[in-house]
Amino acid sequence: RSGKGILLNSTKSASRNLMQTLKSAVANYAQLNPDERVSDQELFVKAIFVDQGTTLKRMLPAPMGRAYRIRKRSNHLTIVIDKVKNPVTK
């Protein structure tokens, strides 16, 4: 149920970047809403998506005076979080 535990124990390299972006999104929410006192349990991920970023174009020498084009691609990770309207208490 907890996405944080999954990200912390994942062996994928992208999980570190995702966790860092998620922490930043929570901090940004707290910074933009200073009058609200919310815990991590009251926040949820409303949307998450990855868009194409800039592409660095490089050339690699090839035989017979030619060149191979190398595209070093990047991306933009966006996470939108929001507060739960009616939190369920246990």
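Start with the salt bridges: this predicted model holds two of them.

**First stop: K83 and E36.** Select K83 and E36 and display their side chains. The two form a salt bridge, and their closest N and O atoms lie 3.9 Å apart. K83 belongs to strand β2, while E36 sits in the loop between α2 (14–32) and β1 (43–61), so this pair ties together parts that are 47 residues apart in sequence. K83 has a relative accessibility of 28% and counts as partly exposed. E36 is also partly exposed, with a relative accessible area of 33%.

**Second stop: K46 and D82.** Next, select K46 and D82. Here too there is a salt bridge, with 3.8 Å between the closest N and O atoms. K46 lies in strand β1 and D82 in strand β2, so the contact ties together parts that are 36 residues apart in sequence. D82 is buried, because its relative accessible area is 17% and buried means under 20%.

As background to both stops, side chains of opposite charge can pair when their charged atoms come close.

Now select K57, R69, R71 and R73, which form a positive surface patch. Which strand gives the most to this patch? Colour residues 67–83 to find out: they make up strand β2, which contributes three residues. R71 is placed in strand β2. With 47% relative accessibility, R71 counts as partly exposed.

**Fourth stop: the whole chain.** Clear the selection and switch to a cartoon view. The protein has two helices and two strands. Followed along the sequence, these elements come in the pattern α-α-β-β. Strand β1 covers residues 43–61, and strand β2 covers residues 67–83.

How does the radius of gyration stand against that of a compact globule of 90 residues? Such a globule would have a value near 12 Å, but the protein has 20 Å.

Of the 90 residues, 12% count as buried. D82, from the second stop, is a buried residue.

Conventions: Residues numbered from 1 in each chain as written. Predicted model: local features only at pLDDT ≥ 70, side-chain atom pairs only at ≥ 80, totals over all residues. Heavy atoms only, no water. Patch = residues over 30% accessible without salt bridge, like charges linked within 9 Å, V, L, I, M, F, W, Y side chains within 5 Å. Areas by Shrake-Rupley, 256 points an atom, 1.4 Å probe, with all protein chains shown as cover. Salt bridge = Lys/Arg side-chain N within 4 Å of Asp/Glu carboxyl O. Lys, Arg positive; Asp, Glu negative; His and termini not counted. Charge placed at Lys NZ, Arg CZ, Asp CG, Glu CD. Helix = DSSP H or I, 4+ residues; strand = E, 2+ residues; numbered from the N terminus. Buried < 20%, exposed > 50% of the residue type's maximum accessible area, 1.4 Å probe, protein only. Rg over C-alpha atoms; globule rule 2.2 N^0.38 Å.
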